[in-house]
Amino acid sequence: MGYYKDLREHIAALDEAGLLVKIDEQINKDTELMPLVRWQFRGLSEEERRAFMFTNVTDVKGKKYDIPVVVGTLAASRQIYGFGLQCKPEEIVDRWNKAQSNPIPPKIVDKAVVHEEVHNGSSLMDRGGLGEFPIPISTPGYDCAPFTTASHWFTKDPETGLINIGNYRGHIKSPTRTGVFLSSSNHGGYHWRKCQERGIPLQAALVIGAPPPVSYTAPARIPFSVSELDVAGGLAGAPIEVVKCITNDVLVPANAEIVIEGEISTEFLEPEAPFGESTGYIAERLLNPYFEVKCITHRKNPIFATIISQMPPSESSVMRQVAAEGNYLRFLRDQCNIPGIVEVTFHSIAVRQICVIKMKKINQAHVWQALHSMVGYNPATGKMVIAVDEDINPRNLDSLFWALAFRMQPHRDVLIIRNRTPQMDPSAFPPGRELENSLDEIAGCSAMLIDATRKWDYPPVSLPKKEFMERARQLWERLELPKLKPQDPWFGYNLGLWSDEDEEEAQLALKGEHYQTGEKRAQQRVPAKRK
Ligand SMILES: Cc1cc2nc3c(=O)[nH]c(=O)nc-3n(C[C@H](O)[C@H](O)[C@H](O)COP(=O)(O)O)c2cc1C
């Protein structure tokens, strides 16, 4: 198992594999860059999406940047996500499971390429502070500023010393100040509250452009007691090399492109946003902490990394979805000890609100244990949780709707539970209410648990048996008919309710002996009742 040691190695590999689009034409980072990349999420199939690199970037004031911008390198598609971990898309969940079962602590080094250039103290503004970097506007026309998006915030727990990595947006407010949105359920927010209790600011480092395993760990929800640097090492299969920041004790990847060191005030908040959110709507202005830059370090000729987020599907929704699928599978199967869990699927457009648990059912109680446990992981995830049988393909909406239509009765198989957290969900309340952490806030949010598994034996699926469909496919291809994309289910199979006699009659039909069955039916004639 190998891993890319830094963003550069990763980009070179993407390029070689034909997964990178390089744009050398001049592109305005504020008005053109993100809208251009957005088109691939609004006009291409997932397989066609690519990573992008912009080498000739300007801004609305005509400033030219000598730093290129990359976007989509981490997760323009599941394929690209797998590529970043050097595995196939279907192996990603397993990689996540192994990483969490075998975390590898980082290796601390003294010398680091990320310290090749240091802007500190009186030299902090030599290259314009944060103005040195071509930070794009993600949603021109709505966002109130450029925001960092592939922004991995490294913070240290003031009590345990554990380093947390969280991906949080960074609202650019001045050359030395950003806003930061640390939601209360995230670990960065937890560190912030612990510092607030102690009356100290939160020391932090904003890392841009890290080795891919670090970037994939940043938006993943890892248990509080686990060091995320160790999990990143587990994903890499080797220790991540880290170096101490120049102005504080936080450890950051030694091979990062850019590290912005500073502290987050725990005394004051400032309005932050509007900025587009993963719900697909613009998030309202919020009162949030701010980060004061103390030192900027970067490699020579750094690359500025971004993630295209906001309206799903996006690079951000792919990242969250993929990490969550692995984490929830592990949680249900290994931590809640529920037998028969096969797969957990999240639907990109719904971020983590619609989830499907595929189960090889042992009994109905396990189905309900899984449905309840799923919403126990996080108070804001899983507005609709659906359990399906093993033969349903949860990624295929036709297959899912088929299960909902014919394996479920709402009055019996649906349970609404309350006291959930809305987290940015605009359907929860009308705007403008001061609700955060109030009783009203949780009382107003709910989740729907749906058991869409078969409760008893069913007759077979009404499609030709597999052997006939396979032969027909060969015939289809020989006739050079349009290329098929098989949809599950594409052949019939038994679901328990099929007698020897039913089978015998079907076999007779295949031998052209169906008159025998007709004869038998005549013997079984009964008087018709008057209606
Ligand atoms: C592009 C992107 C931007 C994100 N922005 C934020 C944010 O601004 N605030 C936040 O609390 N979570 C944000 N998230 C989600 C967190 O990264 C995620 O919840 C993660 O689990 C946080 O890590 P933590 O639990 O270690 O704090 C973002 C995720 C992505 C992919």
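User: Which helices and strand each supply at least two residues of the shell around the ligand?

Analyst: This is a predicted model. By class, the shell around the ligand has seven nonpolar, 10 polar and three charged residues. The elements that each supply at least two residues of that shell are strand S11 (163-167), helix H5 (187-198) and helix H8 (315-335).

User: Which of the 20 residues around the ligand come nearest?

Analyst: Strand S11 covers 163-167 and helix H5 covers 187-198, and each supplies at least two residues of the shell. Of the 20 residues around the ligand, the nearest are Gly166, Asn167, Ser183, Asn186 and His187.

User: Into which domains is the protein divided, and how many Å separate the centres of domain 1 and domain 3?

Analyst: The protein is divided into domain 1 (7-306), domain 2 (336-451) and domain 3 (466-523). Its C-alpha trace spans about 100 × 55 × 45 Å along the principal axes. Taken over C-alpha atoms, the centres of domain 1 and domain 3 are separated by 55 Å.

User: What percentage of the residues in the protein is buried?

Analyst: The protein has 15 helices and 28 strands. Among contacts between residues at least 6 apart in sequence, 73% join residues at least 24 apart. Of the 531 residues in the protein, the buried share is 41%.

User: Is helix H7 (residues 228-236) largely enclosed or exposed?

Analyst: The buried residues of H7 include Glu228, Asp230, Leu235 and Ala236. Their cover includes helix H4 (92-101), S11, helix H6 (212-217), strand S15 (241-244) and strand S16 (251-253). Nine of the nine residues of H7 are buried, so the rest of the structure leaves this helix largely enclosed.

User: Which residue follows H7, and what is its phi?

Analyst: Most residues other than glycine have a negative phi. The residue after H7 is a glycine with a positive phi. That residue is Gly237, and its phi is near 80 degrees.

User: How do the axes of H14 (residues 500-510) and H15 (residues 514-523) lie to each other?

Analyst: The two axes come within 7 Å and cross at roughly 135 degrees.

User: Which residues of H14 and H15 meet?

Analyst: By class, the contact of H14 with H15 has two nonpolar, three polar and one charged residues. On the H14 side are Glu505, Leu508 and Ala509, and on the H15 side are His514, Gln516 and Thr517.

User: Is Ser314 buried or exposed?

Analyst: Ser314 sits in the loop between strand S23 (304-306) and H8. Leaving aside neighbours within four places in sequence, Ser314 is in contact with Phe41, Ile308 and Ser309. A residue is buried if 20 or more other C-beta atoms lie within 10 Å of its own. Ser314 has 27 C-beta neighbours inside 10 Å, so it counts as buried.

User: Is Asn337 buried or exposed?

Analyst: Asn337 is in the loop between H8 and strand S24 (341-346). Although Asn337 is not a glycine, it has a positive phi of about 60 degrees. Asn337 has 10 C-beta neighbours inside 10 Å, so it counts as exposed.

How values were computed:
Residues are numbered from 1 along each chain as its sequence is written. This is a predicted model: local features need pLDDT of at least 70, side-chain atom pairs count only at pLDDT 80 or more; totals for chains, interfaces and linings use all residues. Axes are lines fitted to C-alpha atoms, for helices over the stretch in contact, and angles run from 0 to 180 degrees between N-to-C directions. Helices (H or I, at least four residues) and strands (E, at least two) are DSSP runs, numbered from the N terminus. Two residues are in contact if their C-beta atoms, placed from the backbone, lie within 7 Å. Ala, Val, Leu, Ile, Met, Phe, Trp, Tyr, Cys and Pro count as nonpolar, Asp, Glu, Lys and Arg as charged, and the others, Gly among them, as polar. A residue is near a molecule or strand if its C-beta atom, placed from the backbone, lies within 6 Å of it. Domain bounds come from an automatic or database domain assignment. A residue is buried if 20 or more other C-beta atoms lie within 10 Å of its own, exposed if 12 or fewer, and partly exposed in between; C-beta atoms are placed from the backbone.
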